[in-house]
Amino acid sequence: MTCIKLVKICILLLFIPAFTFAQADSTITNISNQTDSLITGKALHGIASYYHDKFEGRKMANGRVFSQKKPTAACNILPLNKWVKVTCVRNNRSVIVKITDRMHPKNKRLIDLSLFAAKELKMVGHGLVKVKVEVLKNYIPPKSQ
């Protein structure tokens, strides 16, 4: 490979994540600040939605089958199989979910919740809500999950 091709590839790799995970809400910090917040333990803020029923029974990114009855979520920023606490800003209700899937790369939302989690947050009638997402370190889930 020529030196010019290598430089072009490096530049592309630097800018692709920022375009892929850009947030829709102007009040949300950019992706580099959100990634840094995972290291420092700060919360991520963004928009949450919930899965459509058509995804029931489909295979998720972690290899398991999706169920609306389980506390799971999809996120393009956080690593798979991490447990997170999602708090609805509107009503201050929280739920703990496991990141088990990825969203479409063009999706501008922070997190996509299962119906179980959406009901816990009382967001089903609203569709989209502002949330705070905190990564739980050393979280041990109950045996039923």
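# Close-up views of a predicted model

The accessible surface of the protein comes to about 9,200 Å². Carbon and sulfur atoms hold 59% of that surface. The model is predicted.

Figure 1. Read from the N terminus, the order is α-α-β-β-β-β-β-α-β. The protein has 145 residues, and 33% of them are buried. Take the contacts between residues at least 6 apart in sequence: 67% of them join residues at least 24 apart. The mean pLDDT is 76, and 70% of the residues reach 70 or more. Over residues 10-40, pLDDT stays under 50. For that stretch, the model has 36 contacts beyond four places in sequence.

**Figure 2. The largest nonpolar core has 22 residues.** Val 84, Val 86, Val 97, Ile 111, Leu 113 and Val 133 have the most contacts inside this core. Several elements give two or more residues to the core: strand 1, strand 3 (83-88), strand 4 (94-101), strand 5, helix 3 and strand 6 (129-135). A second, separate core has five residues. Tyr 51, Phe 66, Ala 74 and Met 103 are among them. In soluble globular proteins, nonpolar side chains tend to be buried together.

**Figure 3. Val 84 touches residues from several places along the chain.** Leave out residues up to four places away in sequence. The contacts of Val 84 then include Leu 78, Val 95, Ile 96, Val 97, Ile 99 and Ile 111. Val 133, Glu 134, Val 135 and Leu 136 also touch Val 84.

**Figure 4. Leu 44 sits in strand 1.** Is Leu 44 buried or exposed? Its relative accessible area is 2%, so Leu 44 is buried, the cut-off being under 20%. Now find Val 86, 42 residues from Leu 44 along the chain. The C-alpha atoms of Leu 44 and Val 86 are separated by 9.5 Å.

**Figure 5. Trp 83 and Tyr 139 form a tilted aromatic pair.** A search of the whole structure finds two aromatic pairs, and this view shows one of them. A pair of aromatic rings is described by the distance of the centres and the angle of the planes. Here the ring centres are 5.3 Å apart. The planes meet at 55°, so the pair of Trp 83 and Tyr 139 is tilted. The pair links distant parts of the chain, 56 residues apart. Trp 83 lies in strand 3, and Tyr 139 in the segment after strand 6. Trp 83 is buried, with a relative accessible area of 8%. Tyr 139 has 27% relative accessibility and counts as partly exposed.

**Figure 6. Ser 114 lies in the loop between strand 5 (111-113) and helix 3 (115-120).** With a relative accessible area of 0%, Ser 114 is buried. Which residues does Ser 114 touch, not counting those up to four places away in sequence? They are Tyr 50, Tyr 51, Phe 66, Ser 67, Gln 68, Lys 70, Pro 71 and Thr 72. Tyr 51 and Phe 66 also belong to the second core.

**Figure 7. Lys 59 is in the loop between strand 1 (44-50) and strand 2 (72-74).** Lys 59 has 68% relative accessibility. Exposed means over 50%, so Lys 59 counts as exposed. Asp 101 is 42 residues from Lys 59 along the chain. The C-alpha atoms of Lys 59 and Asp 101 are separated by 9.0 Å.

Key:
Residues numbered from 1 in each chain as written. Predicted model: local features only at pLDDT ≥ 70, side-chain atom pairs only at ≥ 80, totals over all residues. Heavy atoms only, no water. pLDDT = per-residue confidence, 0-100. Contact = heavy atoms within 4.5 Å. Helix = DSSP H or I, 4+ residues; strand = E, 2+ residues; numbered from the N terminus. Buried < 20%, exposed > 50% of the residue type's maximum accessible area, 1.4 Å probe, protein only. Core = buried A, V, L, I, M, F, W, Y, C linked by side-chain atoms within 4.5 Å. Areas by Shrake-Rupley, 256 points an atom, 1.4 Å probe, with all protein chains shown as cover. Phe/Tyr/Trp six-rings, centres within 6.5 Å; stacked < 30°, edge-to-face > 60°.
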